[in-house]
Structures are given as structure tokens and as C-alpha cells.
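Here is a short report for a reader new to this structure. Look over the sequence and the model, then read on.

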Amino acid sequence: MNRWITFCLALLLAAPATAQQLPKKKEVLKKMTRANAYFMQQWPDPGKEIMTNKLRPSHIWTRGVYYEGLMALYGLDKKKQYYNYAVDWGQKHQWGLRNGATGRNADDHCAGQTYLDLYQIDPQPERIRELKAAVDNMVHSDKNDDWWWIDALQMAMPVFAKLGVITKDTAYYGKMYRLYSYAKLQQGGHGLYNAQDSLWWRDKDFVPPYQEPNGQDCYWSRGNGWVVAALVRVLDIMPKDAPYRAEYEQTYLAMMKALPRLQRPDGYWNVSLHDPTHFGGKELSGTALFVYGMAWGVRQGLLDKAKYQPLIVKAWNAMATECMHPDGALGYVQGTGKEPKDGQPVSYTSKPDFEDYGLGCFLLAGSEVYKLK
């Protein structure tokens with residue numbers, strides 16, 4: 001009996017340490033590789049149009065987010081097939097944007113994140129010609145209200161930041177900040193960021209008096225995840241002395257402080273961050289973006305490892321074991337939309353309307369978990 005009691009106590013004492021233990025790098029990479037292989041098999045032609053409720057070109061934002069993840073995977077495992085797949089995608093679209101050089105929509109610019117990555121590997125001018133023309137058009141414009149929804153920050157801010165680095169022209173940083181600041185402080189009347197909760201409303205439709213069924217503000221998980229990713233990517237790209245960097249970091253840290261108490265016991269975040277009863281349940285895309293942000297912050301020394309690593313490990317392990325099908329497909333991904341009720345139901349077997357952006361989020365998360373020591 002004494003041995004049995006000792007054994008049980010040992011298990012209890014060991015459980016927290018095990019839960020906080022990082023997965024092995026090879027296991028993280030194995031999961032990322034499997035998920036990505038499934039997608040590449042499903043889409044052997046990266047230029048093929050996407051058919052959901054209508055036909056769309058394959059360089060829209062959903063596919064752009066996937067390629068962000070693919071380039072993150074390529075950064076860990078430089079397989080030629082990954083690079084070729086991304087280059088083929090750019091070439092199939094003539095390195096263009098959905099609405100050309102005059103388009104101002106951030107969703108169109110998302111593809112440019114990968115074009116810029118590929119340009120930095122092989123600086124062929126055509127890879128960024130149209131993208132730069134589109135962004136330059138915005139830089140030289142007085143209009144600052146283009147980013148009227150928070151998803152736009154992730155889609156476009158890294159493009160402005162990287163062009164600033166490549167050209168050494170701070171005008172890109174200035175315009176990026178004015179667009180960001182308008183969204184944060186002015187859009188919808190008083191801005192989309194609630195400094196009291198350190199979270200963002202998706203767009204002006206969700207600014208109070210709009211409420212969730214439980215009377216709380218509507219903070220959409222993936223929407224806030226997009227902002228986290230935007231801030232992480234911009235901070236990772238910009239020089240340490242770049243203008244406005246301190247404010248981006250301050251907002252990032254405030255969001256990171258708000259998120260831990262909202263994590264579910266199973267490791268995920270609900271689609272409605274302040275109302276777990278409104279389509280509550282496991283959801284991969286928002287969770288993956290939060291993991292991406294937290295793991296990056298720990299790695300940069302901005303977040304306390306003792307506090308955040310257990311949250312990261314719990315969330316990653318949940319996604320890697322409960323969301324991934326044997327063939328690499330990912331479940332529990334909310335479909336496109338703007339609020340908790342969209343893209344429902346979300347389950348292990350449900351398929352979102354697009355199968356690319358959820359994978360992109362997962363690969364981004366995995367890339368930072370892999371780098372943790």
C-alpha cells in the first residue's frame with residue numbers, strides 16, 4: 001500500500017513538469033511536414049483557382065496566409081520542393097495582386113509577404129514590381145482609413161515593414177503607422193482597440209453597444225490572432241531603431257498579458273474570447289496564432305518562459321494531437337467570416353470553406369514552437 005501511495009504521489013508531482021515539457025523538435029517538424037504534405041497533394045497546381053461558393057483566384061488572402069506558413073516551414077527545413085512550390089505560385093500569377101497595382105485592399109497585399117520573401121532569396125525585380133507599385137500608391141496618398149477591419153493588419157503590415165527594410169526608406173514605416181493608428185484609435189468612432197481589455201473589436205459593427213449573448217464585448221479569437229501575428233511579424237522584420245516600434249511592442253505585450261486567463265483548460269481559446277457560451281469549443285486558427293505570438297515572445301525574451309511555456313505547450317499539443325487527421329488534414333478550423341457564429345459548426349470532421357489559411361496558421365505556430373529551447 002505504501003508503495004502504491006508513493007507511486008501515485010510521484011505521478012501527481014510529475015504531471016505539471018510533463019505538461020510543461022516542450023515537444024521534441026523532430027516531432028514538431030514531423031507534424032508540420034505531414035500537414036503541409038496533405039495540402040500540396042490536394043493542390044498540385046498552385047495556380048489553380050479556388051472554388052467555394054464562387055470561383056476565386058488562388059493568390060487571395062487565404063492562400064497568402066498558407067504561403068506565409070510554408071515559408072516559415074522552409075526556414076526550418078530547406079526542401080527545394082517548398083521553394084519551388086512558392087515560386088511556381090508567384091509565377092502562375094505573374095507576381096501580381098488580385099486588383100493590380102492600383103488595389104488598396106489589404107487582402108490583396110497578403111500575397112506580397114511571400115513575394116518579398118522570395119525576392120530576398122533571389123532578387124528578381126519582377127517578383128515585387130506590382131506589389132511595390134501598389135504600396136507606393138498608398139504611401140503617396142493621404143488616405144489612411146483602408147484598414148477598417150483588424151484582419152487587414154496581418155495581411156498588409158508585414159509588407160510595408162519589409163519594403164522599408166529592403167529599400168531603406170522610412171516612408172513605408174510612416175505610412176504603415178498612420179494606417180495602423182487610424183484602425184486602432186479612430187475607426188468606427190473611437191478605434192477598434194479597447195485598451196481596457198487589451199483586445200480588438202473586429203470592425204465597427206462590433207464596437208459597443210454591440211454585445212455577445214452573455215453581455216460581454218465581442219472579441220473574435222482569430223481576429224485578435226491576426227493582430228498578434230501582425231505585430232510579431234512587424235517586430236521581427238523592422239530594425240530595432242525603426243520608428244513606432246516601441247508602440248507596436250507595447251500593444252503586443254498588453255495583448256499577451258490579456259490572453260492567458262482566457263485560455264481554455266484543454267489548451268484552446270474559444271472563438272468568442274469573452275463569451276465561452278457563444279459557439280464555445282476547440283478552434284485551431286485563433287489558437288495557433290496566439291501560440292505563434294507567445295512562442296515568439298518567449299524566444300525573444302519579451303515574455304516570461306515560466307509563465308507562458310506551459311500555455312504554449314498545452315495549446316500546441318492539443319492542436320497537434322486532436323486536430324490533425326492521420327492523412328495530415330486539420331480539423332477544428334473555423335471557416336471564413338468575422339464573428340463567432342460564422343463558419344460553424346467547428347469540429348474534428350468539419351471542413352472550412354477554405355483549407356489553406358488554417359494550415360498557414362498552424363505552420364506559423366509550429367515554426368516558433370520548433371525554435372524554442
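Is phenylalanine 279 buried, partly exposed or exposed? Phenylalanine 279 is partly exposed, with a relative accessible area of 38%. Buried means under 20% relative accessible area, exposed means over 50%, and partly exposed lies in between (1.4 Å probe, protein chains only).

This is a predicted model: local features need pLDDT of at least 70, side-chain atom pairs count only at pLDDT 80 or more, and totals for chains, interfaces and linings use all residues. Residues are numbered from 1 along each chain as its sequence is written, and side-chain values use heavy atoms, with hydrogens and water left out.

**Confidence and overall form**

The chain averages a pLDDT (the predictor's confidence in each residue, from 0 to 100) of 95. At least 70 is reached by 95% of the residues. Over residues 1-19, however, the pLDDT is below 50. That stretch has one contact beyond near neighbours in sequence; contact means heavy atoms within 4.5 Å. Where pLDDT is low, the predicted coordinates should not be read in detail.

The chain has 14 helices and four strands. These are DSSP runs numbered from the N terminus: helices are H or I with at least four residues, strands are E with at least two. The radius of gyration is 20 Å, close to the 21 Å that the globule rule gives for 373 residues, so the chain is as compact as a globular protein of that length. This radius is taken over C-alpha atoms, and the rule is 2.2 Å times the number of residues to the power 0.38. Along its principal axes the C-alpha trace spans about 75 × 50 × 45 Å. Buried residues make up 58% of the 373.

**The core**

The largest nonpolar core has 125 residues. Such a core is a set of buried Ala, Val, Leu, Ile, Met, Phe, Trp, Tyr and Cys residues joined through side-chain atoms within 4.5 Å. Trp147, Met176, Tyr248 and Met319 have the most contacts inside it. Beyond four places in sequence, tryptophan 147 contacts residues including Met138, Phe160 and Met176.

Methionine 319 lies in helix α13 (residues 305-323). At 0% relative accessibility, methionine 319 is buried. Its contacts beyond four places in sequence include Tyr268, Leu284 and Phe362. Tyrosine 268 is 51 residues away along the chain, yet the two C-alpha atoms are separated by 8.1 Å.

Helix α14 (residues 357-371) is mostly covered, with 13 of its 15 residues buried. At 1.5 Å a residue, α14 should span 21 Å, and its end C-alpha atoms are 22 Å apart, which agrees. The expected span is 1.5 Å times one less than the number of residues.

**Loops and backbone**

Arginine 202 sits in the loop between β4 (199-200) and α10 (221-237). Arginine 202 is buried, at 10% relative accessible area. Its neighbours beyond four places in sequence include Trp148, Asp151 and Lys338.

Most residues other than glycine have a negative phi, and most peptide bonds are trans. The table lists some departures.

| Site | Feature | Loop |
|---|---|---|
| Pro208 to Pro209 | cis, omega near 25° | Pro209: between β4 and α10 |
| Gln344 to Pro345 | cis, omega near 0° | Pro345: between α13 and α14 |
| Phe279 | phi about 55° | between α11 (245-258) and α12 (284-299) |

Serine 198 is buried, with a relative accessible area of 11%.
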